[in-house]
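Me: I've got a model open here and would like to talk it through before doing anything with it. Can you take me through it piece by piece?

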Amino acid sequence: MSKDYYKILGVNKAASQDEIKAAFRRLAHQHHPDKKGGNEEKFKEANEAFQVLSDAQKRQQYDQFGSTFEQAQAGGGGFDGFSGSSGGGAQGFDINDLGDMFSGFGDIFGGGGRGRGGRGGRRTKKGADIQVDVEIDLKEAAFGVEKTIRLYKNGACDVCAGAGVEPGSKTVKCKDCGGRGHITQVQRTVFGSFQTEAECPTCDGVGEKPEKICRHCSGRGIIKKHDEFTVKIPAGIDDNEAIHLSGRGEAGPKGGYPGDLYLRIHVRPDARFKRDGFDLHIKNNVSFSQAALGAEVDIETLDGKIKIVIPEGVQSGQMIRLKGKGITNLRSSGRGDLYVEVTVVTPIRLSRKQKELLKDLGL
Ligand SMILES: [Zn+2]
Ligand SMILES: [Zn+2]
């Protein structure tokens with residue numbers, strides 16, 4: 001079972017962004033681990049819920065896939081774009097939006113690419129994000145499809161598990177900075193001397209370094225690797241929409257957090273159907289007599305050919321709506337409709353006899 005983010009924040013499903021933000025602020029204040037009576041678990045939970053519900057795209061995905069999300073993840077791939085805990089906590093906390101509410105609390109949100117140099121702080125350089133183009137056809141977009149993604153990217157070194165340290169080697173204090181992680185540089189100018197603090201280049205600001213670096217990856221912790229996995233493309237996805245897979249990007253150096261993977265979806269144009277949101281349009285020609293008398297005709301749909309009745313007296317340009325024969329709605333899982341646009345084909349090259357008959361009909 002996946003978590004009910006709405007319940008965690010105590011808001012209803014239709015809550016506005018302001019309500020969600022307000023609910024999160026209240027919970028964050030209440031459970032903040034630095035506070036007396038704070039509760040780190042509850043705080044993290046609220047944070048995770050907020051991460052998803054405050055992001056329109058993640059919220060939409062969660063609304064549809066929330067309940068199947070963990071299953072999808074267990075099956076390898078799938079949507080793990082909105083789990084706050086996936087990818088080893090790769091999702092940092094975006095504090096920009098909340099202004100100074102958390103100023104001074106920066107450390108508990110560590111990660112997500114904000115380097116936290118300084119004494120004892122583990123450096124968290126994030127790996128690069130990757131964008132991959134995925135081409136699918138209209139039917140795959142309508143019903144969803146599983147695609148195999150193959151990447152050649154920076155992955156964590158197998159020998160040192162990404163740490164960059166030769167297995168069995170000790171960690172020692174960095175001599176160049178005395179374990180401080182940063183060094184003081186003195187700049188002399190005509191105005192006098194200035195001291196500037198800079199990150200120690202030897203230990204990358206960590207203050208300690210391995211006695212022996214991993215030989216397999218030369219201490220970088222990362223190595224070029226092939227990665228192959230399947231992803232479920234959700235039914236209803238449209239051209240140019242993207243799927244965000246947290247932590248599936250390049251591995252971060254020296255055990256840093258991995259970047260994210262974005263799958264940019266391209267839906268190949270279809271010769272028969274035109275898409276309009278979750279609805280489809282198809283053109284169908286009927287003969288003059290079919291239009292006048294009504295007829296049963298075969299119509300192509302995404303589900304195969306079906307017979308429909310063209311009502312007698314149909315006019316050119318008239319639409320016949322086939323309910324539920326469109327594209328699966330990404331949000332509601334119902335289906336859009338298929339509109340058949342009728343074109344009445346006026347007969348040409350009539351024989352003399354046909355012309356006589358038409359005249360007699362008086363039409
Ligand atoms: Zn290594
Ligand atoms: Zn150092």
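Me: What's the strand order in the open sheet of four strands?

Reply: Bearing in mind that this is a predicted model, the open sheet runs S10-S11-S15-S14, and the pairing within it is mixed. Strand S10, residues 274–276, and strand S14, residues 319–322, stand at the edges with a single partner strand each, so one side of each has no neighbour in the sheet. From one strand to the next, the twist averages 30 degrees.

Me: And in which sense do S10 and S11 pair, parallel or antiparallel?

Reply: S10 and strand S11, which covers residues 279–287, pair in the antiparallel sense, and three bridges join them. Within that pairing, Arg275 is found opposite Leu280 of S11.

Me: OK, switching to helices. Which residues of H2 are buried?

Reply: In H2 the buried residues are Ile20, Ala23, Phe24, Leu27 and Ala28. They sit on the same side of H2, because the arc they cover around the axis is only 130 degrees.

Me: Why would residues three or four places apart point the same way?

Reply: An α-helix has 3.6 residues a turn, so positions with that spacing point the same way.

Me: What do the buried residues of H2 pack against, and what is exposed on the other side?

Reply: The buried residues of H2 pack against helix H1 (5–9) and helix H3 (40–53), whereas Asp18 and His29, on the other side of H2, are exposed. As for its length, H2 spans residues 17–31, which is 15 residues, and it reaches 21 Å from its first C-alpha to its last, close to the 21 Å expected at 1.5 Å a residue.

Me: Which residues is it in contact with, leaving aside neighbours within four places in sequence?

Reply: With those neighbours set aside, Lys147 is in contact with Val134, Thr230, Val231 and Ile233. The C-alpha atoms of Lys147 and Lys232 are separated by 6.5 Å, although the two residues are 85 apart along the chain.

Me: And for the chain, what share of contacts comes from residues 24 or more positions apart?

Reply: Such pairs account for 63% of the contacts with a separation of 6 or more. The chain has nine helices and 15 strands, and 28% of its 363 residues count as buried.

Definitions and conventions
Residues are numbered from 1 along each chain as its sequence is written. Chains are lettered from A and ligands numbered from 1 in the order in which they are written. This is a predicted model: local features need pLDDT of at least 70, side-chain atom pairs count only at pLDDT 80 or more; totals for chains, interfaces and linings use all residues. Two strands pair if DSSP finds at least two bridges between them. Helices (H or I, at least four residues) and strands (E, at least two) are DSSP runs, numbered from the N terminus. Axes are lines fitted to C-alpha atoms, for helices over the stretch in contact, and angles run from 0 to 180 degrees between N-to-C directions. A residue is buried if 20 or more other C-beta atoms lie within 10 Å of its own, exposed if 12 or fewer, and partly exposed in between; C-beta atoms are placed from the backbone. Two residues are in contact if their C-beta atoms, placed from the backbone, lie within 7 Å. The expected span of a helix is 1.5 Å times one less than its number of residues. The arc is that of the directions from the helix axis to the C-beta atoms.
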